[in-house]
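Please look over the structure shown below, and then read the report that follows.

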Amino acid sequence: MNLVRKITEQTERTEKDESRIPFIQLFPFVPLSLLLIFLLAFPVKAQDLRWGGDAEGGAPYLLPDPKNPRRIIGFEIDLMDALGKQLKRKSVFVQNQWDGLIPGLQRGSYELAVNGIEITDDRKEQVNFSIPYYVCGEQLSVRATENSINSIADLKGKIVGTLKFSLAHRLLEQAKKDFGGALEIRSYENQNNPYDDLTNGRLQAVLMDWPIAVYYSKPNPKLKFTGPIIGEMQYGIAVRKDDAELLKQVNEALLALIRSGELRAIYDKWGIWNEETEKLFAKLSQTEQKSDALNEFTQTVSAKLTWRERVKRYWGYLPALLFVGAPMTLLISVLGMALAITYGLLLALAQLYAPKPLSWLARAYVELFRGTPLLIQLYLIFYGLPNIGIRLSPIVAAVVGLGMNYAAYEAENYRAGIQAIPRGQMEAALSLGMTRWQSLRHIIVPQAMRLVIPPVTNDFIALFKDSSIVSVITMVELTKVYGQLAATYYDYIGAGILTAAIYFLMGLPFVRLARWAEARLATDKRVVTTSKKRWLSVGAKPA
Amino acid sequence: MDKLISVNNLHKNYGDAAALRGISFEVSVSELTVIIGPSGCGKSTLLRCLNGLELFDSGSVRIGEHELKMNGASQHHLPSHLNAQLRHLREDVGMVFQSFNLFPHLTVLENAVLAPTVVKKVSQQEAEEQARTLLTKVGLKDRMDYYPSQLSGGQQQRAAIARALAMSPKVMLYDEPTSALDPSLVGEVLNIMRQLDDEGMTQVVVTHEMKFARDVADKVLVLSEGELIESDSPDVIFTSPRDERTREFLRRYL
């Protein structure tokens with residue numbers, strides 16, 4: 001047997017070598033890139049225990065050390081260090097965006113995913129989970145002066161913030177249904193923004209995982225906890241389905257850490273030891289002998305969907321995409337563009353015709369707004385302005401942000417269009433006694449408008465897609481709905497293609513509209529279009 | 001005779017280059033004055049100074065009750081009193097350009113209707129009525145609803161003349177009105193100008209059409225290098241010019 005294997009290996013190797021030689025001769029840079037790949041792959045040593053998490057997630061899970069931001073700390077770092085010690089492997093943290101933690105695991109970026117990932121049935125379709133390492137519920141926070149809210153039932157008609165994709169989010173969705181829609185849920189990307197918005201009055205309550213509330217709400221004297229812990233969720237370590245051996249090792253190591261009290265010490269250190277986890281650990285310790293049963297607990301059947309089920313699932317995505325996401329995207333885009341077009345025209349006119357200081361200001365505005373990222377502008381408008389007393393609702397902030405940003409681009413379109421109009425047009429208008437403003441309004445701008453339809457349409461399509469960025473300021477639009485669906489079902493491809501198709505189809509009518517307007521307004525081209533004959537015959541009526 | 005236009009010692013420089021050097025002349029009511037001279041002599045600049053499309057450095061221009069003195073105001077951001085002055089003057093002075101400068105996004109009728117309604121606040125109906133009359137007069141009765149690009153050059157220039165007339169100006173200025181036209185179309189434009197002359201319109205024309213100047217002009221001004229070298233009746237200018245530069249110029253153009 002051994003001999004046979006050696007021989008086949010050898011033949012394989014020689015075959016490979018032979019096939020590679022002409023390749024190298026053809027592309028001298030191939031060996032270089034192979035070296036590069038080798039160097040990049042080098043840090044992945046077999047003995048390292050690579051695990052993924054999102055350091056943007058925040059305290060107490062994973063966060064950059066406030067004293068040394070290049071170092072990541074958190075109770076999960078401590079947990080994984082202890083786990084690595086048990087497994088005699090070095091724990092190595094790999095940064096990965098939270099939404100993409102499980103796809104990253106499946107892609108092989110790391111072996112384990114650990115970052116407050118709740119054990120849910122949906123997720124169990126995709127990955128296996130270890131035994132739970134922590135249990136907690138949701139905590140309701142309100143402003144210190146607020147006394148009427150003590151439970152979810154009191155949230156009717158209120159504006160409540162939470163973290164996207166969380167148990168709290170699902171609880172609130174349920175409550176909203178129970179209230180017949182009388183509850184506005186704002187879902188946030190990170191943990192401190194909802195509490196900021198609660199403090200400044202944008203929200204009336206925040207429902208959040210208890211450990212988060214302990215870190216972000218409790219220390220804030222303007223806020224207070226209210227009511228009992230709501231719901232319960234268990235955090236588990238996610239392992240690839242085909243990694244049964246690692247799962248077993250992780251479970252055994254976790255049990256050992258629970259038994260030795262090490263895990264509790266970590267939670268005590270971070271101040272998040274709670275009754276629920278205490279009960280869980282007691283239960284787990286009793287069954288310590290039967291670790292096979294524990295493995296069974298986590299070993300869920302990998303439920304492969306049939307083709308028919310898949311289609312049915314995609315069909316199920318449509319209502320949310322079409323009736324929740326798409327109308328909001330459309331609304332924000334159209335309003336944003338309307339603002340951009342009017343404001344942009346003013347900016348262009350100011351640049352070209354206003355007295356020096358004003359034209360200089362307009363120029364500076366354009367350079368500033370097109371030279372800085374839209375994302376940062378949105379953050380400043382939404383989270384920055386409340387500091388100086390301007391508190392815009394998400395939709396107003398989204399429209400203003402997109403509109404102010406795109407106005408800079410539209411201003412340049414108009415400027416190009418206006419400057420393309422021959423000077424004789426302005427001279428003819430002025431010599432008829434019109435003021436400069438009248439000449440602009442009746443002669444120059446209408447002609448420039450025709451010229452700028454194609455680039456403005458272009459920008460509208462771009463804005464239409466850029467509107468996806470406003471999900472960062474709690475707007476639920478098309479891309480956000482996609483993110484929610486994808487994160488729930490771990491289906492980035494199917495939902496992605498569906499969403500992209502909806503964007504494309506929604507953009508089409510505007511493209512057609514622009515073409516139509518272009519053809520209709522192109523008066524000086526009418527003479528060469530097919531409608532020429534009709535035109536001439538209408539005009540050439542006998543006098 | 002009543003002097004409708006008085007130009008007094010007009011100077012204009014482009015940087016260091018002098019474009020106009022102390023030009024003075026007068027135009028009486030109902031006169032047709034033709035300005036001739038070699039290319040680059042400043043005749044277009046002079047004409048454009050008359051309605052303030054071109055600013056001048058010193059001297060003055062008076063047309064009717066409007067008097068312009070600008071003392072080197074900059075082309076951009078005119079002082080507002082000067083701006084208002086220019087606007088009032090232009091209401092009384094029609095201008096016709098070499099390249100017509102019709103508004104391409106408006107029909108011929110709309111071209112002639114716009115300024116009276118916007119500037120003089122004439123009612124749409126009244127302005128249209130007047131525009132139709134003028135367009136009929138210049139022979140465009142059946143082209144009123146066409147766009148400029150659908151017309152021949154001669155038709156476009158006639159439309160431009162009607163557009164200027166719609167403001168009921170006291171003076172019409174023409175800046176080489178036939179230079180961009182096919183030779184076969186020149187006549188139809190000159191005929192309109194002749195007809196206006198018969199009706200008593202005061203006109204100042206920069207042109208290279210010497211035959212037109214000889215037949216129709218009351219007075220011919222000859223410019224050379226920014227100077228007015230000769231000013232007289234066409235008979236004198238075309239048969240016995242006094243200045244050698246005039247003779248040289250006419251030798252080449254006749």
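In strand β10 of chain A, the residue that Val160(A) has as its bridge partner is Ala205(A). This is a predicted model, in which local features need pLDDT of at least 70 and side-chain atom pairs count only at pLDDT 80 or more, while totals for chains, interfaces and linings use all residues. Residues are numbered from 1 along each chain as its sequence is written, and chains are lettered from A and ligands numbered from 1 in the order in which they are written.

Strand β8 (residues 159-163) of chain A and strand β10 (residues 205-209) of chain A are paired in the parallel sense over two bridges; two strands count as paired if DSSP finds at least two bridges between them. Helices and strands here are DSSP runs, helices being H or I with at least four residues and strands being E with at least two, numbered from the N terminus. Strands of a sheet pair through backbone hydrogen bonds, either parallel or antiparallel. In chain A, five strands form an open sheet with mixed pairing, in the order β9-β8-β10-β7-β11. The edges are taken by β9 (184-188) and β11 (223-235) of chain A, each of which has a single partner strand, so one side of each is left without a neighbour in the sheet. From one strand to the next, the twist averages 20 degrees. Helix α6 (residues 167-178) of chain A lies across β7 (134-143), β8, β9, β10 and β11 of chain A, and runs at about 150 degrees to β8(A).

Two packed helices are described by the angle between their axes and the distance between the axes. Axes are lines fitted to C-alpha atoms, for helices over the stretch in contact, and angles run from 0 to 180 degrees between N-to-C directions. Two helix pairs are set out below.

| Helix pair | Angle | Axes apart |
|---|---|---|
| α13 (307-353) and α14 (356-371) of chain A | about 130 degrees | 7 Å |
| α3 (108-119) and α4 (124-137) of chain B | about 130 degrees | 9 Å |

The helices α3(B) and α4(B) are therefore oblique to each other, given that angles under 35 degrees count as roughly parallel, over 145 as roughly antiparallel, 65 to 115 as roughly perpendicular and the rest as oblique. The crossing of α13(A) and α14(A) is left-handed, whereas α3(B) passes α4(B) in a right-handed crossing; a crossing is left-handed if the near helix is turned anticlockwise from the far one by less than a right angle, and right-handed if clockwise.

In the pair from chain A, Leu347(A), Ala350(A) and Gln351(A) of α13(A) meet residues of α14(A), including Leu358(A) and Tyr365(A), where contact requires that C-beta atoms, placed from the backbone, lie within 7 Å. By class, this contact of α13(A) with α14(A) has six nonpolar, two polar and one charged residues, with Ala, Val, Leu, Ile, Met, Phe, Trp, Tyr, Cys and Pro counted as nonpolar, Asp, Glu, Lys and Arg as charged, and the others, Gly among them, as polar.

Helix α1 (residues 43-50) of chain B is mostly covered, as eight of its eight residues are buried, among them Lys43(B) and Arg48(B). A residue is buried if 20 or more other C-beta atoms lie within 10 Å of its own, exposed if 12 or fewer, and partly exposed in between, with C-beta atoms placed from the backbone. After α1(B) comes Gly52(B), whose phi is positive, near 75 degrees.

Chain A has 21 helices and 12 strands, and buried residues make up 37% of its 543 residues. The contact between the chains takes 24 residues from chain A and 25 residues from chain B.

Notes:
Contact = placed C-beta atoms within 7 Å.
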